[in-house]
Amino acid sequence: MKHSIEVTINGVQQTLDVDGDRPLLWVLRTDMGLTGTKYGCGIGLCGSCVVLIDGVAARSCQIFMSEVAGKEVTTIEGLAAGDEPGDLHPVQQAFMEHDALQCGYCTPGMILQGVSLLTENPDPNTEEIVNALEGNLCRCGAHKRIVQAMHTAAKMKGGG
Ligand code: FES
Ligand code: FES
């Protein structure tokens, strides 16, 4: 059954007329065209659909719309402060500097998982980075450069 759900998406407050049991992933991708959030497994195992909910990483394929009522959702499209290259979030900037991707499919989820980690732990060591990101799968095998990028991002944010 459809409900009016108020949710802030990438800084814009919205009232959406949606089924409360519809996964957030599909509302973002299909209804809103925010295709930066990727579909990988659909069962919470790959991390490609990670978004921030109130600043904390969450797998949008496993979150129902009823659960985001009154909350703030940030997708990869809403992470940068503006449209200029210099406006990128430090984690995005560091991924670029380290070339921490190949096909890029895992990258939005990986970056948002990394942002969530740095909010919780501004100066993570390598083990903590690996532990935080190991649930985000990268089939291109860019993990080593991703870890390097996370160290750089922590420094850019003043943590490392
Ligand atoms: S698509 Fe959500 S965890 Fe894989
Ligand atoms: S860069 Fe291709 S899956 Fe990670």
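Let me begin with the surface: the protein chain exposes about 8100 Å², and carbon and sulfur atoms supply 49% of that area. Please keep in mind throughout that what we are looking at is a predicted model.

Turning to the overall build, the protein chain holds five helices and five strands, and, read from the N terminus, these elements follow one another as β-β-α-β-β-β-α-α-α-α. The radius of gyration is 15 Å, close to the 15 Å that the globule rule gives for 160 residues, so the chain is as compact as a globular protein of that length. Along its principal axes, the C-alpha trace spans about 45 × 30 × 25 Å, and 43% of the 160 residues count as buried. If we take the contacts with a separation of 6 or more, residues 24 or more positions apart account for 54% of them.

Now to helix α1, which covers residues 24-31 and in which Leu24, Leu25, Val27 and Leu28 are buried. What lies over these buried residues of α1? The cover includes the strands β1 (2-9), β2 (12-19), β3 (50-53) and β5 (72-74). After α1 comes Gly33, and its phi is positive, near 70°.

In the loop between α1 and β3 we find Tyr39, which is partly exposed because its relative accessible area is 37%, a value that falls between the 20% and 50% limits. Together with Trp26 and Tyr105, Tyr39 forms a nonpolar patch on the surface, and the accessible area of the three together is about 290 Å².

How values were computed
Residues are numbered from 1 along each chain as its sequence is written. Chains are lettered from A and ligands numbered from 1 in the order in which they are written. This is a predicted model: local features need pLDDT of at least 70, side-chain atom pairs count only at pLDDT 80 or more; totals for chains, interfaces and linings use all residues. Side-chain values use heavy atoms; hydrogens and water are left out. Buried means under 20% relative accessible area, exposed over 50%, partly exposed in between (1.4 Å probe, protein chains only). Helices (H or I, at least four residues) and strands (E, at least two) are DSSP runs, numbered from the N terminus. Contact means heavy atoms within 4.5 Å. Patches are made of residues with over 30% relative accessible area and no salt bridge: like charges are joined within 9 Å, nonpolar side chains (Val, Leu, Ile, Met, Phe, Trp, Tyr) within 5 Å. Accessible areas come from the Shrake-Rupley method with a 1.4 Å probe; for residues, only the protein chains shown count as cover. A salt bridge is a side-chain nitrogen of Lys or Arg within 4 Å of a carboxyl oxygen of Asp or Glu. The radius of gyration is taken over C-alpha atoms; the globule rule is 2.2 Å times the number of residues to the power 0.38.
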